[in-house]
Amino acid sequence: MMKKGFLFIIQLIVLIAICKIGYLCTDFFHLPIPGNVIGILLLFILLQTNVIKLQWVDFTASFFVKHLAFFFIPIAVSLMTLGALFFRYGWALALVLGISLIVGFIVSALTVQKLAQKGEVKQHGNVHHHL
């Protein structure tokens, strides 16, 4: 149990450091992108290039993903105080959220499709198998 707690803390420190580096990059280069997004992109690049191994952050990252809904509770409570704003601009918000949802689905589907095709190529050489 103590070993898992220590592992969690070490991995959390690694993830926080990467996030902080993202914020520093945003500030230093005056980027119009939030620092946490830069941090996620940096983590992705480090994982893809094997600079950071997945097992170095997997335990803590999996914990946060599993409990992701918990982190949205404060946002949901704050939204309850903005009822008048939703009555006035709700249709525009619904439109933006709907379009974002559709774009997100399309981008995710295309990404998974591309990765699946690359997996087939790696697994079977240059031969593509289609159903």
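Biologist: How many helices and strands does the protein have?

Modeller: There are 6 helices and 0 strands. Along the sequence the pattern reads α-α-α-α-α-α. Helices (H or I, at least four residues) and strands (E, at least two) are DSSP runs, numbered from the N terminus.

Biologist: What should I know about the model before we go on?

Modeller: This is a predicted model: local features need pLDDT of at least 70, side-chain atom pairs count only at pLDDT 80 or more, and totals for chains, interfaces and linings use all residues. Residues are numbered from 1 along each chain as its sequence is written, and side-chain values use heavy atoms, with hydrogens and water left out.

Biologist: What radius of gyration does the protein have?

Modeller: The protein has 20 Å, whereas a compact globule of 131 residues would have a value near 14 Å. The radius is taken over C-alpha atoms, and the globule rule is 2.2 Å times the number of residues to the power 0.38. The C-alpha trace spans about 60 × 50 × 40 Å along its principal axes.

Biologist: And what percentage of the residues is buried?

Modeller: Buried residues are 11% of the 131. Buried means under 20% relative accessible area, exposed over 50%, partly exposed in between (1.4 Å probe, protein chains only).

Biologist: What about the accessible surface of the protein?

Modeller: It comes to about 11,100 Å², and 77% of that belongs to carbon and sulfur atoms. The areas come from the Shrake-Rupley method with a 1.4 Å probe; for residues, only the protein chains shown count as cover.

Biologist: Which share of the contacts joins residues at least 24 apart?

Modeller: That share is 48%, among contacts between residues at least 6 apart in sequence. Contact means heavy atoms within 4.5 Å.

Biologist: Which residues lie nearest its centre?

Modeller: Leu15, Cys19, Ile40, Leu43 and Phe64, out of 14 lining residues. A lining residue has an atom within 4 Å of a point.

Biologist: Which helices supply the lining of the largest pocket?

Modeller: Helix 1 (2-29), helix 2 (35-48) and helix 3 (58-66) each give at least two residues. Helix 1 has the largest share, 6 residues.

Biologist: How do the lining residues divide into nonpolar, polar and charged?

Modeller: The lining has 11 nonpolar, 2 polar and 1 charged. Ala, Val, Leu, Ile, Met, Phe, Trp, Tyr, Cys and Pro count as nonpolar, Asp, Glu, Lys and Arg as charged, and the others, Gly among them, as polar.

Biologist: Now Gln11. Is Gln11 buried or exposed?

Modeller: Gln11 sits in helix 1. Gln11 counts as buried because its relative accessible area is 2%.

Biologist: What is Gln11 in contact with, leaving aside neighbours within four places in sequence?

Modeller: Gln55, Trp56, Val57, Asp58, Phe59 and Thr60.

Biologist: How far apart in space are Gly5 and Thr60?

Modeller: 9.8 Å, C-alpha to C-alpha, at 55 residues apart in sequence. Gly5 is also in helix 1, and is partly exposed at 31%.

Biologist: Backbone next. Which phi does His30 have?

Modeller: A positive one, about 55 degrees, although His30 is not a glycine. Most residues other than glycine have a negative phi. His30 lies in the loop between helix 1 and helix 2. It is exposed, at 69% relative accessible area.

Biologist: What about the phi of Asn50?

Modeller: Asn50 has a positive phi of about 60 degrees, and is not a glycine either. The loop between helix 2 and helix 3 holds Asn50. Asn50 is partly exposed, at 47%.

How values were computed: On a 1 Å grid over the protein atoms alone, a cavity is a set of points where a 1.4 Å probe fits but cannot get out, and a pocket is an open set with protein on both sides within 12 Å along at least five of seven lines; lining residues have an atom within 4 Å of a point.
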